[in-house]
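Dear colleague,

Please find the structure below, together with its sequence. My notes on it follow, and I would be grateful if you could read them alongside the model.

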Amino acid sequence: MSYLEYALKTVPKGPRKVLYLNWPLVLLLTAIAAIGFTMLYSVAGGAFTPWVEPQAKRFALGMMAMFVIAMVPIWFWRNMAVMGYLVALILLVWVEVAGTVGMGAQRWIDLGFMRLQPSELMKVTLVMMLAAYYDWLDLKKTSHPLWVLIPVLLILVPVALVLKQPDLGTSILLVVGGGFVMFLAGVHWLYFAVVTAGGGSLIWAVLTSRGTDWQLLKDYQFRRIDTFLDPSSDPLGAGYHITQSKIALGSGGITGRGFMQGTQSRLNFLPEKHTDFIFTTLAEEFGFIGAASLLALYTLVLVFCISSAITNKDRFGSLLTLGIAGTFFLFFAVNMSMVMGLAPVVGVPLPLVSYGGSAMLVLLVAFGLVQSAHVHKPR
Amino acid sequence: MKRPPRDMDLSSRRIARRALVLGAAQMGFAGLLGWQMRRMQVEDAEEYRMLAEENRINMRLLPPARGLIFDRNGSPIAENDQNYRIVIVREDAGDVAVVLNRLRQLIPLSDDDIDRTLREIKRRSSFVPVTVSDRLAWDDLARVAVNAPALPGVRPEVGLSRSYPLGSDFAHVVGYVGPVSDYDLSKLQDPDPLLQIPKFQIGKIGIEAKEEMVLRGRAGNSQIEVNAVGRVMRELSRTEGTAGRNLQLTMDETLQNFVQARLDGQSAAVVVTDVRTGDLLAVASSPSFDPNKFVRGISSADYRLLTENKYRPLANKSVQGVYPPGSTFKMVTALAALEAGVMSTEDTVWCPGYITAGDRRFHCWKRGGHGHVNLHESLTQSCDVYYYDVAQRVGIDRISAMANKLGLGVRFDIPMSAVADGLTPTRAWKQARHGADWVIGDTLNASIGQGYVLASPLQLSVMTARLASGTDISPRLIRAVDGVEEPVLRTGPLDINPAHLRAVRRAMFAVSNSRRGTAYRSRIEEESLQMAGKTGTSQVRNISKAERARGVFRNEDLPWERRDHALFVGFAPYADPQVAVSVVVEHGGGGSAAAAPIARDVVLRTLYGEMPPLNAYPSSQRELIEEQQRALPLRDRGDPSPESSRA
């Protein structure tokens, strides 16, 4: 849609926009973040430092950014999509080059008040870029191979850079998140069927190649796969994280051990207990009730995003909302699967709960875009 | 670019459709996650909870202090010494090598100690204390403590370690402790978790082993919370254990020391029994060994010295060694005959120097024979033919029964290792054991304590005590447990005619005190303490016809291991028996020459309670005795032992 089309529609103007914000979504995000603060307070042994305080500051900053972004008309953001994608891509290349030149294995850029990971930024800008692409693309060309190849390349270029870091978790999020947008835009089923089948057979080929002359992975990589499939085979080695995480989770029971009473996490049995494995602390201390509640909150975020997108006639806004919701889904789905032993350990944080500046800010910025699309949708 | 509204609607509908499909899939996955959560947290929660507890709580056993062992007067025989050691903790030490070098200037440390410590410290987590030096002297420990500021991460620690202040005197009786071995674990059906503690020490032999359950005590425990790397976070609860119970023995450590010293240089055993209670006052076996070496872990060189010694220092000859009792068995045969009524105390037997039974000729030790002998003379002069004769009348089974009545062939229940049964043969036994009929020659050999008859010095001592007291006392080694007196083991008088016992005792008195007695040289001069006894000389080989024709070899001409065993049993004072003693000197030659003097010295030492005065001895021997007393290698009581100077 062009600016003119938007102007034709009735779109709220001025301070009245605040009334059109998706307030339930704001509340949901705040509630989830509050759970995050509680858990960070607990794993710090009952202290606001070192995690709760900076996390809360970043959340406040992120909420402000979200409101500001929400007030800016969605068509401005659509016009910024290409720019944002290119900036994120350049930053990715830059940390890659700088990282190899003299900054060690550093993958972030120091902004003074926080460290920004370009790969986190890319999660949003890629979705924006793809949404803008399909907004621009003639509807009839959506499934044309040439016009399918372009978004595939848009996805694979940053993925290649992120994989090189190496950051498997982010790569998966980018590929699947991008795939979500393409699927939502209406690319033909067959493409997805072929890619899924291709991926499946590739995995099959890799696994069967083990022990043969044409083995596709190194032995240690196979061992990692073994560990994922059966963590108990190496309980103190690579399977340690999964085993301990499952013990923490399971021992929570229905009602949990109580706030600050989680022995597993408090006694250092858990790795990364304030970042990627924070869900285990929640599950241990608040039990099934706490864990299921968080899952329900996440699911409600999805529901509100989807319902907002479905009622949005603006193609960019709708795709952007759904794409961001999809990425959000991937965050928590991969993280929870990982700590429950359903997926291998890849570095994916629990959205809005895990300690970490980039992810928190980027997610709130993304929800700012969702809010903008919600506020400015044609009515 | 302006899009037709139709296009917009189409796009919107398509996105909505796909959004619902994808949304449904995402919800489905979320549902899957929720289901998995429920499965883990609700259904399998118990299992995970258990795993978590195991992760978290570590049980640490607190070893109890082992019970002490005292002699009858309260002198310590087995103690728990403070064992000082120095440990180092890497994370506190910083540069371990530097700290160890500084430590080296304070206490003796070999290069090996340093290397071993450095190697071990590399293997362990940084907070685990590693022992640098063990069994330090108090002075060394004090030096380390004073210099603590210069030695970060170095910590003195104290533990308990068994020690035997009396050294070798009680090695055979008390035994020693040592770390639990796999063999011990496989042998013991003992579920005590203490045994799993590395280097936990249990009794290996002797009282330490037999009274293990009394001495060990019960473990306390401390529940500690640990984190994933095993660091102790805090103690959750602590239950103190119960220390082992203290044992008081019936033995007298000064007497034991005297006996061991008296036996020095000989392969011999002595058992001194209190006639009235059965209390074992001394149970000596020579040579002995230092049990402290076993506690600390004996070097293989030292161990080889012990095992290759032909005097077998490791064997406890007093209860575990069995010997043909020789002539000391003659009281048994005599009493069996008297009780059976096959002869009276005054009946005589003609001794021509030998007797013919079956197709064999049995010789008396005195080739010319003793002429007419009655019971009294036969015991005094130890005439063999008399016993050959009466034994044929009474039969082996009745002799054997009498032997059992007096304590031979009976296994006494005393807490020492490998207490021997001895052997009192019967017809049935020979049939069962050798599948052969009992022949008359067997009876003849048995009648003078040869052949199949075997007895331990302990059994001989008990036999003598029963003869002396006329009661069926049994030996007692534990006097009290934690101050509570153990019962005296006696049920009543022996089932033997007292007149017969008196006759035998009278004859035994004559052995020591009549000029023709075989132990007259070893008499006690002091009238109130006079000793009654019986010598014995038991062959360890057969004397062949050829040897006999050439003249029996004198013991001194034979190699040590082929000489006769010398035995003596006795009690004193004759008028009012108090102590009974048995002496066996392995390959010592004759009982009267080798064993009786020892018995006399031991009896006198027991009755006086100190070094016997010379006027207790016959005046002709006093010079010799004085010299012998001065040369006794007694433990020096003026000098404190090195262990006590530490504390």
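This is a predicted model: local features need pLDDT of at least 70, side-chain atom pairs count only at pLDDT 80 or more; totals for chains, interfaces and linings use all residues.

**Salt bridges and their surroundings**

B:K293 is partly exposed, its relative accessible area being 39% (buried means under 20%, exposed over 50% and partly exposed in between, with a 1.4 Å probe and protein chains only). The side chain of B:K293 meets that of B:D302 in a salt bridge, at 3.5 Å from N to O; the term stands for a side-chain nitrogen of Lys or Arg within 4 Å of a carboxyl oxygen of Asp or Glu. B:D302, at 26% relative accessibility, also counts as partly exposed.

Residues are numbered from 1 along each chain as its sequence is written, chains are lettered from A and ligands numbered from 1 in the order in which they are written, and side-chain values use heavy atoms, with hydrogens and water left out.

Over all chains, the structure holds 29 salt bridges. In chain A, one of them joins A:R78 to A:D135, with the closest N and O atoms 3.2 Å apart. This pair links distant parts of the chain, 57 residues apart: A:R78 lies in helix α4 (residues 74-101) of chain A and A:D135 in helix α5 (residues 118-136) of chain A. Helices here are DSSP runs (H or I, at least four residues), as strands are (E, at least two), numbered from the N terminus. A:R78 is buried, with a relative accessible area of 16%, and A:D135 is buried at 4%.

In chain B, the side chains of B:R411 and B:D421 form a salt bridge of 3.1 Å, N to O. Both residues sit in the loop between α17 (396-405) and α18 (427-434) of chain B, 10 residues apart. B:R411 counts as exposed at 52% relative accessibility, whereas B:D421 is partly exposed at 37%. A network of salt bridges links B:R66, B:R162, B:E208, B:E212 and B:R216.

**A nonpolar patch in chain A**

A:L156, A:L163, A:L168, A:I172, A:V175 and A:V176 make a nonpolar surface patch of about 450 Å². Two or more residues of the patch come from each of α6 (145-164) and α7 (168-185) of chain A, and α7(A) gives the most, with four residues. Patches are made of residues with over 30% relative accessible area and no salt bridge, like charges being joined within 9 Å and nonpolar side chains (Val, Leu, Ile, Met, Phe, Trp, Tyr) within 5 Å. Accessible areas come from the Shrake-Rupley method with a 1.4 Å probe, and for residues only the protein chains shown count as cover. A:V175 is placed in helix α7 of chain A and is partly exposed, at 38% relative accessibility.

In chain A, the axes of helix α13 (residues 315-339) and helix α14 (residues 357-375) come within 9 Å and cross at roughly 150 degrees. α13(A) is therefore roughly antiparallel to α14(A) (angles under 35 degrees count as roughly parallel, over 145 as roughly antiparallel, 65 to 115 as roughly perpendicular and the rest as oblique). Axes are lines fitted to C-alpha atoms, for helices over the stretch in contact, with angles from 0 to 180 degrees between N-to-C directions.

In chain B, the axes of helix α16 (residues 384-394) and helix α19 (residues 440-447) come within 8 Å and cross at roughly 125 degrees. That makes α16(B) oblique to α19(B).

With kind regards
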